[in-house]
Amino acid sequence: MQNVTAQQTAEQAEATEPDNAEGLAARLADPSATVRDAALTALRGLGTAARPALAAVLPLLGNRREEFSARRVLEAMGPSVVPELLAVRADGPGRLRRHALHALAHLGGCGGLTGRDRAALERLVRIKLLDDPFPDELWDYQWIAVPGDSYEAAFEALELCDRIPATLAMGLSGRVYDEASVALPDGTSRVAERVFVTPEIDGWRLFFGRTLLNSPDNGSLERVAEACGQAHYYFRDEYEDCHHWAVAERGRGVVRSYQTYREPAFTGEPLAWEEPQTDDPLWEPGMYEPNASLEGNAHAVAGRLTVDPEEIDEDTPMTGHGWFALTAPGVGHGAFAGVLSI
């Protein structure tokens, strides 16, 4: 009987659904979740024409059940609603100001926030940094590790700019939307990517970001090693199928590396922890790499030489705080879409 009632409610909602934003906005106050869902779906279909329903959609960002659908409606409305959201932040109504900030972050519109709003966000981050809990998030797939006492030099080596303090939660949640673009007066655009730098973890700082991909092959790892004394690169794909790791030292470049599908997979001389393999009676010179480990797992090598992110937990020693930095000036952190955890 309950299923029949729910089906009838859905059919009724569909049959009486208005085709304009104002009518659909009224539906968002309906006590029936089915009716509200149908209204959100219809608003998303209206695209930019759904703008008159903005004030009715915003409170749903605070509703765990309907937050995702409300975000999709905002995406359909597009950047054209940013000025209206900024006006809500500045002038109210007060009940919508928090939700307007949520919407601005999701649309990448925080660059237009007032100095007062930006200062408030910075204060919140500073407070969180005093007790930065370890988040329950997955780490990214590629990173560079450098000694904690020389990590500052890596910012210049990687041509990173506009760094700001960031909590671990910000760093891990920010990897989803790590690219932003701003329009320039001459009609072109400038694109920047975001890099997260961890606090010092067991003596190492880890740099995460898409821009670091293939650092051993494009010269970035060598530049960082020259600046910091040494630099390690680690990569695994999301299927744990392909692994890549490399170690670079000042004055020597990349001294050792491995990549799953490269021939030969290993380059450089075996490192100290790679003991020569001598107990194979069939081995002949040139037959295969003469080291016992033949370690092809980036996480295992990271755990041996530096820090394996997957093994970091609330008991791992950490000092200092993390950073966000950008690969290009003039874009600003407010241009990045997506809501960051703090």
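In the hairpin of S8 and S9, where 3 residues separate the strands, Gly 251 adopts a positive phi near 80 degrees. Strands are DSSP runs of E with at least two residues, helices are DSSP runs of H or I with at least four, and both are numbered from the N terminus. The model is a predicted one, in which local features need pLDDT of at least 70, side-chain atom pairs count only at pLDDT 80 or more, and totals for chains, interfaces and linings use all residues. Residues are numbered from 1 along each chain as its sequence is written, and side-chain values use heavy atoms, with hydrogens and water left out.

- S8 and S9 pair in the antiparallel sense over 6 bridges; two strands count as paired if DSSP finds at least two bridges between them.
- Within this pairing, Trp 245 has Tyr 258 of S9 as its bridge partner.
- Strand S7 (residues 230-236) is joined to S8 by 7 bridges, and these two strands run antiparallel.
- Phe 235 has His 244 of S8 as its bridge partner.
- The hairpin of S7 and S8 has 6 residues between the strands, and Glu 240 takes a positive phi near 60 degrees there.
- Strand S8 (residues 243-249) is mostly covered, with 6 of its 7 residues buried; buried means under 20% relative accessible area, exposed means over 50%, and partly exposed lies in between (1.4 Å probe, protein chains only).

- Strand S12 (residues 322-326) is largely enclosed by the rest of the structure, because 5 of its 5 residues are buried.
- Gly 322, Phe 324 and Leu 326 point one way from S12, while Trp 323 and Ala 325 point the other way, and all are buried.
- S2 pairs with S12 in the antiparallel sense over 4 bridges, and Ala 166 has Gly 322 of S12 as its bridge partner.
- Strand S4 (residues 189-197) also pairs with S12 in the antiparallel sense over 4 bridges, and Val 195 has Ala 325 of S12 as its bridge partner.

**Backbone features in loops**

- A cis peptide bond, with omega of about -5 degrees, joins Glu 263 and Pro 264.
- Pro 264 is placed in the loop between strand S9 (253-259) and strand S10 (266-268).
- Glu 159 is not a glycine, although its phi is positive at about 55 degrees.
- The loop that holds Glu 159 runs between helix H9 (152-157) and strand S2 (161-166), and Glu 159 counts as exposed because its relative accessibility is 63%.
- Asn 214, likewise not a glycine, has a positive phi of about 65 degrees.
- The loop that holds Asn 214 runs between strand S6 (204-208) and helix H11 (215-218), and Asn 214 counts as partly exposed at 36% relative accessibility.

**Salt bridges**

- The structure holds 10 salt bridges, each defined as a side-chain nitrogen of Lys or Arg within 4 Å of a carboxyl oxygen of Asp or Glu.
- Arg 36 forms a salt bridge with Glu 66, and their closest N and O atoms are 2.6 Å apart.
- This pair links distant parts of the chain, 30 residues apart: Arg 36 is in helix H3 (residues 33-46), and Glu 66 is in the loop between helix H4 (54-57) and helix H5 (67-77).
- Arg 36 counts as buried at 14% relative accessibility, and Glu 66 is buried with a relative accessible area of 0%.
- Arg 36, Asp 37, Arg 65 and Glu 66 are linked in a network of salt bridges.
- Arg 72 forms a salt bridge with Glu 75, and their closest N and O atoms are 3.6 Å apart.
- Both Arg 72 and Glu 75 lie in helix H5, 3 residues apart, which is about one turn of the helix.
- Arg 72 is partly exposed at 25% relative accessible area, and Glu 75 is partly exposed at 41%.
- Glu 179 forms a salt bridge with Arg 210, and their closest N and O atoms are 3.5 Å apart.
- This pair also links distant parts of the chain, 31 residues apart, with Glu 179 in strand S3 (residues 179-183) and Arg 210 in the loop between S6 and H11.
- Glu 179 is partly exposed at 43% relative accessible area, and Arg 210 is partly exposed at 40%.
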